[in-house]
Each structure stands twice: as C-alpha cells, then as structure tokens.
Amino acid sequence: MNPTGSLTGTALLALLPLIALLILLGGLRWKAQWAGLVALAAAVAVALFSYSMPLGQALDAGAFGAALSLLQVLWITFNAIWIYNLTVRSGHFEVLGRAFAAISDDRRVQAIVIAFSFGALLEALAGGGSPVAICSVMLVAAGFDPLKAAVLALVADTAPVAFGGLGNPITVLGSTTGLSADKFGAMAGRQSAILAVFVPAILVGIAGGWKALRQVWPAALTAGLTFGLCQFAFSNYWSYKLCDIFAALASAGAIIALNRVWRPADAEGGRPVPVIAGGSVDDPDPAVVRRVGAPGGDSRTDRVKAFAPYAVIVLLFSLAQLDSVKNWLATHGIWKFAWPGLHILNAKGKHVDTSYTLNYLGATGTLLFVSGLITLLILRTGLIAGARTYAATIRQFGWAIFTILCVYGLSYVMNLSGQITTLGVWLAGAGSAFAFLSPVVGWFGVTITGTDVGSNSLFGNLQVTAAHQLNVGPTLFGAANSSGGVLGKMISPQNLAIGTAAVGEVGAEGLLFRRVLGWSLAMLLALCTIVWLQSTPVLSWMVVH
C-alpha cells in the first residue's frame, strides 16, 4: 500500500510506531507499558491520517490483537509460571536446583544447561514466552543477578524458536505460502543451526566475560555443536517438528557426559537456593514454602517429584501430537467467530480473515494448565493452595499484562491498516540486496508481533514473491524469514515484559532492552551474511530446492 504516492515516504511513516517504541523504550528509558501505549497511539494515528482507516476500525483492530494475546501469550505464560510457582511452594524447586548443580558446580555451565538446553526443550514443547519466564527464575536461583538472568534466558531463546511449539512457525509458513513445510524446515535447519553452535559461547560470555569463555569453552562448544548438528540432522532427515526436542536432550546429555571427564579449572560456584519468582509469594514464609530434602541428600522420590511437572508437560504435548488426539482436538473444543465490526479489505479488494479462534481444549496454554492440575496431585498441593498460587502468579505480572495487550494491539493495527505490508514491499524493492535483507524482514516481524508464527504469517508470501522476482528459490527466503525472526524475539516488548515480570523487575524493560539489543543485531548481521552467501555460488549448494 502506498497512500502518499512515494513508497519510501509511506514506509517511513509506517516505521513511526516502531521507531517511537524503540526510542522510548531504549533511549528515553520509559517503562514498557507507556512506551507500548504511545506506540499503539502512533500506529492508530498513521492508520487514520496516512492509510484512511476509519477510527472505529483502527480501534477494533487493536482490540482484536489484544484479544489474540490472551490466548497466544498470556494464557501460556500464566500457566507456565504457575507450574514453576507450585514447585517453589512445595519446596521441590530447591531439589531441582540441586539437581542442576549436581551436573556441574560451575554456574556458567549451569547457565548453558538451564537457559540453552532446558530452555530449548520448553520452547520445543510450549513456546509462548515460557522458556524466558521459567529459565530466568531458575538462573536467579543458580546465583545470577535478576536482570542478567533475564538477559541469559532471552539470548538463549534464539536457537530453538524457528522450530518452537513442535515446529509451528514452519508449519504456518508452509500453509501461508502453499509450499512444502518440510523444505522450509530443512532450509531453516541450514541457517539457524549455524547460529545455535555459537549461542552457548555467547551465554558464557554474558555470564562471566571473555575470561569465563576461556575457562568454560569446552562445555560451550560441546553444547553448541551437539545442538546444532542434531537440529540440522533432524530438520533435514527426519522431522522438523521434533528436531528441537532431540537437540535439547542431546545437548544436555553431552554436557553431563563431558562433566564426567572435564571440569573448569576455576569453577565459579552458584547458589541453588529457593527463589520466589517475581515475588509471586510475598515472603518465603516457612508456613507457605515447604522444605524438602534430608541433610544427607535428596531422596529419589523428591528428585522424581521435582522433575515430574516438566515430564508431565513433555508427555502431554507429545500425546497431543498423535494423529488421533490431534484430529479430535481439531474438531472439539474450538469456537471460531468473526470478530465483531472488523471488516478489512486487502490491496486486491479481498476480505482479510479477521476471525477469532478460541481453541480452549487444544491450546498450548490449556495443555500447560492441565499439566499444572496434574502437578497439584504429584506435589500433593490442595486446590485452594493451587488457586491462591495462581492468583499470586497473575499479580506478579502486573503492568506486564498491559504491555503485552498494547503491543499485540499495535501489531494488528499496523498489519490490518497496511503499514506492515508497506514496509515489506519497500524492503523487497531492494533488488539483489534483498538476499541480505531477507532475515531483517523476519526480525522486524517478530519484534512487532512477538512470535515467529506471527512474522511468518505476515511476511511469508512477501518473501516468496521477492524470491520469484529475483529468480531465487523461494525456500531460501521463506526460511530466512523464520530464521531471522528468532533474533527479534529477545527484543520484542512482549518477551521483555515476560522476562522482567518473571524475575520481579517490572518496569526495567528499557534496561533489559539495551542489554540484549547488541546481541540481537550482531547475530542478525551474521545471519544476513549467511543468507546472502547462500544466494550466491559461494553457498548455493546449501539451498534446498
């Protein structure tokens, strides 16, 4: 769409909400809720005055986006943190912390196991911010400063995102473009897996600087290579839907095996102590938080109970992928309706799908909620205590909820008004340079929507169209959209809000943004170079046709 007559001029107008968000959040250090609200207002203003979108439609588009965030982000995150808080209340989180500490007495190695391997497993199964929320509080328990823990969790949650939620971003990319999801998955495995090799080293650098990297590089290299190779192999030769699960488990197993024959010369000890996530319970009152574990060590029963909630999650999500169960969930427990008053036509004059799907049985958040109910039984926590913990979990998010609603509203105002389409077309006009910019489109999409699924839905067809215009295989650019998107996840306001809420630092989103922005841009530059080389004879042999 080009309402000003100049594509560049219109694109600059469409950029205003994003520029406002980034400047207010990162430059002026506004709190995320107010930066998000101003950016939303800017998007509505651009929609009104540049795209002639009626005020009622613009506000309705924002409400539609906010409503979508309830199921796609908040319902998932609330339940993921609730499960964590239940383990804190029962005292079994202490056991879990000691179990991770037993893998290595060096907290930098623990950071790799928790944020990279365990976080990747959570992303593979649930996604939706749950790895950031759960891993950040586990890192605090291992002895990291709260904001540093959030930084580690956000940066670590790059490697698995393209295949998160059992490959949902790739599946959506295939359905959006009408092309083979398996080919997109294989190609993404030849891009994101390369970056994954280096993520553990970055985590060690963040945790303790370059001195730490010199001391702990064998663990970082082992985890990165194992994960990257498994992600590549499974996405190309077996199933992109399962590649993150096996890569996560393999990388953790490799670290455990390495620890039997090697340990850092100067171990940096952690402190596996109980932590109340984000103040979910005001004080760790002994009457509220149980103490488990004998002086001689944790019993096998307590260790099983500590890991049981996550084993339940793995089991339930695996069962939900069985064809018979998936088909039943697809035909039951779904309420789909047209969003009231929202009638949008695209540039071709066709109606845009603005239906709301309330998938109340098969949704990721629902499966996590059921996992939480089972956790109540395993940990012998009563329903009343479980309900109180759930209420406390919601309270801990506070303004983060408002932030997520605003930013999701912003993304849908920009999308349905045509602002995002303008930006995509503008970038696609870069000609042969678009091969370098292709991941930037995905990065931009996730920065705004907060999800790789959202970015692939918005820009998948644009990437394929640009590939045809440049006589490049569409699989390359389509996969680049998903691979580039994962690097925008760490700076998306939704995930920043989740990270600060989890560690009890609501309001520090701007500081967190500044700490992760450099890593996001550096890895994006590396990926842009990889994709550009894959579009040339230098690395064209890597492209899936």
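What you see is a predicted model, and across the chain the pLDDT, which is the predictor's confidence in each residue on a scale from 0 to 100, averages 83, with 92% of the residues scoring at least 70. Over residues 271–288 the pLDDT stays under 50, and for this stretch the model has 38 contacts beyond four places in sequence, a contact meaning heavy atoms within 4.5 Å.

A word on conventions: residues are numbered from 1 along each chain as its sequence is written, and side-chain values use heavy atoms, with hydrogens and water left out. Because this is a prediction, local features need pLDDT of at least 70 and side-chain atom pairs count only at pLDDT 80 or more, while totals for chains, interfaces and linings use all residues.

Now the spaces, which come from a 1 Å grid over the protein atoms alone: a cavity is a set of points where a 1.4 Å probe fits but cannot get out, a pocket is an open set with protein on both sides within 12 Å along at least five of seven lines, and lining residues have an atom within 4 Å of a point. Points are joined across faces, edges and corners, and a volume is the space filled by probe spheres set on them.

There are four cavities of 30 Å³ or more, and the largest cavity holds about 60 Å³. Its lining has 10 residues, with G97, F100, I114, M138 and A142 nearest the centre, and the elements giving two or more residues to it are α4, α5 and α6 (130–141), helices here being DSSP runs of H or I with at least four residues, numbered from the N terminus. Helix α4 gives the most to this lining, namely four residues.

The second largest pocket contains about 290 Å³ and is lined by 14 residues, of which F118, L121, L249, A252 and F307 lie nearest its centre. Two or more lining residues come from each of α4 (92–103), α5 (107–125), α11 (243–259) and α12 (300–320).

Finally, is V204 buried or exposed? V204, which lies in helix α10 (residues 192–237), counts as buried because its relative accessibility is 1%, the cut-off for buried being under 20% relative accessible area with a 1.4 Å probe and protein chains only. Leaving aside residues up to four places away in sequence, V204 touches R108, I112, G209, A212, L213, V216 and A220.

How values were computed. Buried means under 20% relative accessible area, exposed over 50%, partly exposed in between (1.4 Å probe, protein chains only).
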